[in-house]
Amino acid sequence: APSIVWFRDDLRVADNPALHEAAQRGEPIVCLYILDDASSGLRPLGGAARWWLHHSLEALASSLRDIGLELTLRRGAAADVIDSVVTETGAKAVFWNRRYGEAERNVDAGIKSSLRAAGVEARSTQASLLFEPWTVLTGQGAPYRVFTPFYRSCLAEPEPRHPLPVVDEATLFAGVTSDALDDWSLLPTAPDWAGGLREAWTPGETTALERLRAFLSDELSSYVAEQDLPAQDATSGLSPYLRWGEISPFQVWHETRSYVASLDRRTSEGTRAAEGASAFLRQLVWREFSYHLLFHWPQITHANMRPAFDDFPWAEPSPVVMEAWQMGRTGVPLVDAGMRELWQTGIMHNRVRMVVASFLVKNLRIDWREGERWFWDTLVDADPAANAVNWQWVAGSGVDAAPYFRVFNPELQATKFDPAREYIRRFVPDIDAETYPPPLVDLKESRKAALDAYASISKDRALGEPG
Ligand code: FAD
């Protein structure tokens, strides 16, 4: 009887434990992806994410063909789809890699128990995180709320496992009907806003691995010095690939570690690359921390982690102000450059994300959830954990957050991190034109108004507890 491998946020054949286990079972395999827009509680994908998913599924289908398998596409509530594919194929086992959002876990748990009740084996595996959120705990057995001790605790864990090789002995279970990808309409039609995305990105696991390797050999030694400079191509650009699981954190971890092991530490280049590797893997652990928080405090995606912020006097998000921010027409050059980079390419440099977020939440005093929503719709790496966690970090409403009174000054940030204005000019070529708008708000006055608003809420209310 065949096995089903249910692909979700793990759109790769390399280092894919679910696929591996199915191959080991030895029976013919059905590879299934479900576009689930029906199960309750799942957040609909944003536009940029849908664009990415379309191309990622094409790439996955091609990787699967290389090993003799086929990708079956179905749409609907996952429980119903799994049920019908099991019935159609007579499958006796279903394998998948874990996900960590609350609604996703509920869906998966429901499916697991009904499969088991029907005598079908159901197995879930660790594939998307180096450290399962329930295994990294404080001395008191509680989840971490602060990054640095979490990070130290991860480093004290046993080394993450090595990536699994691509399976080479898998048999296809043929004849399962599949939807046509084009019928899912994941791509924009009119208007086709995806031109900049097509230029900037090639989704898929082959590109992900090439990108990682190019980053290690070309960029790692300057990562520490340049990671904060948006004009440089100094970071890995792996976030959308990690978001969709086109590369696993285990691959990133071990490729980086073995690259470092090959370096000559007696040279300054070698030393700098080794330092770059530590800084880079530390960022990867920020991703782990985001999921740790999402797992233990699922409400982090929509509720202030510090309930004091429930009383914050946010400004009305007027359509005019929101559109100026979204379209990069605030008259504040670094903010506009970031927002235009996002709109055109589906990505924004981390430093600039902090600046545009601070500008929205503090200078414009707009609730972080408005910004999180826009990012969710426009980022190709829109991530259920990292997006909300980072917005709450900037807003000051999160755990281990930057304090609200730390207002980024976008002018000083530009001077420091884009001194030649190269990044700004790339995305705001009209900066000297008459049509470029004057600043939407006075930076000094709006900063003061933000601090006054902050002074009006009570600071002594504890962090949110799991609801
Ligand atoms: P690198 O510097 O090469 O880092 C390697 C990897 O580490 C990244 O690919 C990413 O997976 C992880 N990482 C790095 N920084 C962070 C971080 N602060 N938090 C969590 N993981 C991190 N990242 C997302 O992946 N999805 C999001 O939706 C997202 N939203 C954000 C919203 C705001 C307001 C801010 C300030 C940051 C957000 N980030 C998000 C984090 C960060 O900006 C991106 O991960 C980073 O810019 C990706 O570029 P890179 O892959 O070149 O990073």
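1. G276 lies in helix α11 (helices, H or I, of at least four residues and strands, E, of at least two are DSSP runs, numbered from the N terminus). G276 is buried, because 24 other C-beta atoms lie within 10 Å; a residue is buried if 20 or more other C-beta atoms lie within 10 Å of its own, exposed if 12 or fewer, and partly exposed in between, with C-beta atoms placed from the backbone. Not counting residues up to four places away in sequence, G276 touches L220, S221, Y223 and V224 (two residues are in contact if their C-beta atoms, placed from the backbone, lie within 7 Å). G276 and E169, 107 residues apart in sequence, are 38 Å apart from C-alpha to C-alpha.

2. Residues are numbered from 1 along each chain as its sequence is written. The model is predicted: local features need pLDDT of at least 70 and side-chain atom pairs count only at pLDDT 80 or more, while totals for chains, interfaces and linings use all residues. The mean pLDDT of the chain is 96, with 98% of its residues at 70 or more; pLDDT is the predictor's confidence in each residue, from 0 to 100. The scores of the model are ipTM 0.99 and pTM 0.97.

3. The domain assignment divides the chain into domain 1 (1-127), domain 2 (129-162 + 205-296) and domain 3 (307-455); such bounds come from an automatic or database domain assignment. Between the C-alpha centres of domain 1 and domain 3 there are 37 Å. Their contact takes seven residues from domain 1 and eight residues from domain 3. On the domain 1 side, three are nonpolar, three polar and one charged (Ala, Val, Leu, Ile, Met, Phe, Trp, Tyr, Cys and Pro count as nonpolar, Asp, Glu, Lys and Arg as charged, and the others, Gly among them, as polar).

4. The largest nonpolar core has 129 residues, and I4, V5, I29, C31, L32 and V94 have the most contacts inside it; a nonpolar core is a set of buried Ala, Val, Leu, Ile, Met, Phe, Trp, Tyr and Cys residues joined through C-beta atoms within 7 Å. Helix α2 (residues 47-66) gives the most to this core, with nine residues. Beyond its neighbours within four places in sequence, C31 is in contact with residues including V5, F7, L64 and L69.

5. The ligand is surrounded by 27 residues, the closest being T235, S236, D383, N387 and N390 (a residue is near a molecule if its C-beta atom, placed from the backbone, lies within 6 Å of it). Two or more residues of this shell come from each of α9 (239-243), α11 (268-296), α14 (350-363) and α16 (386-395). The shell comprises 12 nonpolar, 10 polar and five charged residues. Domain 2 and domain 3 each supply at least three residues to the shell.

6. Most residues other than glycine have a negative phi, and most peptide bonds are trans. D15, in the loop between β1 (3-7) and α1 (17-25), has a positive phi near 45°. D15 is buried, because 23 other C-beta atoms lie within 10 Å. S185, in the loop between α5 and α6, has a positive phi near 50°, and S185 is exposed, because 10 other C-beta atoms lie within 10 Å. The peptide bond from A190 to P191 is cis, with omega near -5°.
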